[in-house]
There are 2 protein chains.
Amino acid sequence: NLLDAVQSFFQPKYLDGRRVLITAGPTFEAIDTVRGLTNRSSGKMGLAIAQAALAAGAQVTLVCGPICLPFPAVHKLIRIVSTEEMFAAVKDEVSSSDIFISVAAVADYRPAEQHSFKLKKTAADITLTLIPNPDILQYVASLSNPPFCVGFAAETDAVQQYAEEKRKRKKLPLIVANNAVEAIGTNESALILLDDDGSHYLPRADKNAQARLVMAHIAGLYDKHKG
Amino acid sequence: NLLDAVQSFFQPKYLDGRRVLITAGPTFEAIDTVRGLTNRSSGKMGLAIAQAALAAGAQVTLVCGPICLPFPAVHKLIRIVSTEEMFAAVKDEVSSSDIFISVAAVADYRPAEQHSFKLKKTAADITLTLIPNPDILQYVASLSNPPFCVGFAAETDAVQQYAEEKRKRKKLPLIVANNAVEAIGTNESALILLDDDGSHYLPRADKNAQARLVMAHIAGLYDKHKG
């Protein structure tokens, strides 16, 4: 809206010309023609991060799962459904990115089998075998010449501990942690930014305001990292 | 919009005062705090049916799963997430309904276990046991004094055969069949209406136009049924 546009105009352009690749939304893993596995991500935080990156002057590529929100005017929008499609899009884009921000709630697992017809209902229980999906963020962070990588971690308990473990394991300079129960689908959530200097707490606020603070923090770390 | 409002105004009020209970959208079955099973229903057809029932003068109660479309101004809107929640809402409303139209793409199965925390990802495959959900339409159609029941069947092959089998098995006066691959998420689909007189083919058209024809057919059968 107009207020956002005016605010964006007056933001410092601390990412001027930087190429930022962002994933957002859930992914959907088909079981058959109609059924599938997904998660409750609305895509709000990912879109807010994309908007904040635009406002900071970045050139933004957004890879986004099935959501129903209006998209910010990013430079390149790639809409995908499954994790494997998101992975393929990220592989295509990552070599031309300075910063990679993984906000998407990627489905960790997908059905071992996918059926190209609608399975018939029976009275019996059925057993679904789920296999791990590729870890897109881990792949990108492990590249020989990776972009500056930022992860998001939605946890329901021991939020800071699990998020810091994830950051160390994936060798990320920064991870943004939140409480999934509080955050999902809402416009507000408290965030904890975890980096090599420790933890930084951002109190509960509008996701757009949060996203601008997160982007400013990313830009600061990125400059230090490059410099 | 205005055109819809004007068209609705000039529709014959062949369901004046009839109480119509409609289910719409997908249901979502939680696996844990964030993950779940769902299906690709957009809710478009259910909302079009609700709008057509309103235009025909009915008093409409809509029980609807998680969708992201604007709702028509029904008399009572009950938003649910899981199939069990939809079932509870239908049980509450059915005794005060003359007509029950089951458009929802109800999840046939739900996870045997639901976790109140976010499961951690591991490198191993996982096995999910799914148990059959209650069949809401079958329950309603089997009541001793059921409302006039209409089912929807989205099939991917042998559409007419599977739909007619479903109609016979659930003892429904009418079932509306379509091809799931063609119909899901789109604004247009061809429909086949199956009743005791045989099959009636409605060619591909806008879902709102289709819904008005379906409601007119329902009203005709309902009058014959009551009369």
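How many residues of chain B are in contact with chain A? In this predicted model, 39 residues of chain B touch 39 residues of chain A. The size of an interface is often given as the accessible area lost when the parts come together. Here the two chains bury about 3,500 Å² between them, and 57% of that area is on carbon and sulfur atoms. On the chain B side, Arg40(B), Tyr109(B) and Lys121(B) lose the most area to chain A, together accounting for 17% of what that side buries.

Several elements of chain B supply at least two residues each to the side that touches chain A: strand E3 (35-39), strand E8 (126-132), strand E9 (148-155) and helix H6 (180-183). E8(B) gives the most, with seven residues. By residue class, the side of chain B that touches chain A divides into 21 nonpolar, nine polar and nine charged residues.

Strands of a sheet pair through backbone hydrogen bonds, either parallel or antiparallel. Strand E3 (residues 35-39) of chain A pairs with E3(B) in the antiparallel sense, over five bridges. Within this pairing, Arg35(A) has Asn39(B) as its bridge partner. The sheet is open and has four strands, in the order E2(A)-E3(A)-E3(B)-E2(B), with antiparallel pairing. At its edges lie strand E2 (29-30) of chain A and strand E2 (29-30) of chain B, each of which pairs on one side only. On the chain A side, E2(A) and E3(A) pair in the antiparallel sense over two bridges, and Ala30(A) stands opposite Gly36(A) in E3(A).

Finally, there is a covalent link. The structure holds one disulfide over all chains, and this disulfide joins Cys68(A) to Cys68(B) with an S to S distance of 2.2 Å. Why does the pair join two chains? Cys68(A) lies in the loop between strand E4 (59-64) and strand E5 (76-79) of chain A, and Cys68(B) in the loop between strand E4 (59-64) and strand E5 (76-79) of chain B, so the bond runs from one chain to the other. The torsion about the S-S bond of Cys68(A) and Cys68(B) is about -110°, which makes the disulfide left-handed.

Terms used. Residues are numbered from 1 along each chain as its sequence is written. Chains are lettered from A and ligands numbered from 1 in the order in which they are written. This is a predicted model: local features need pLDDT of at least 70, side-chain atom pairs count only at pLDDT 80 or more; totals for chains, interfaces and linings use all residues. Side-chain values use heavy atoms; hydrogens and water are left out. Contact means heavy atoms within 4.5 Å. Buried area is the accessible area (1.4 Å probe) that two parts lose on being put together, summed over both. Ala, Val, Leu, Ile, Met, Phe, Trp, Tyr, Cys and Pro count as nonpolar, Asp, Glu, Lys and Arg as charged, and the others, Gly among them, as polar. Two strands pair if DSSP finds at least two bridges between them. A disulfide is a pair of cysteine sulfur atoms within 2.5 Å.
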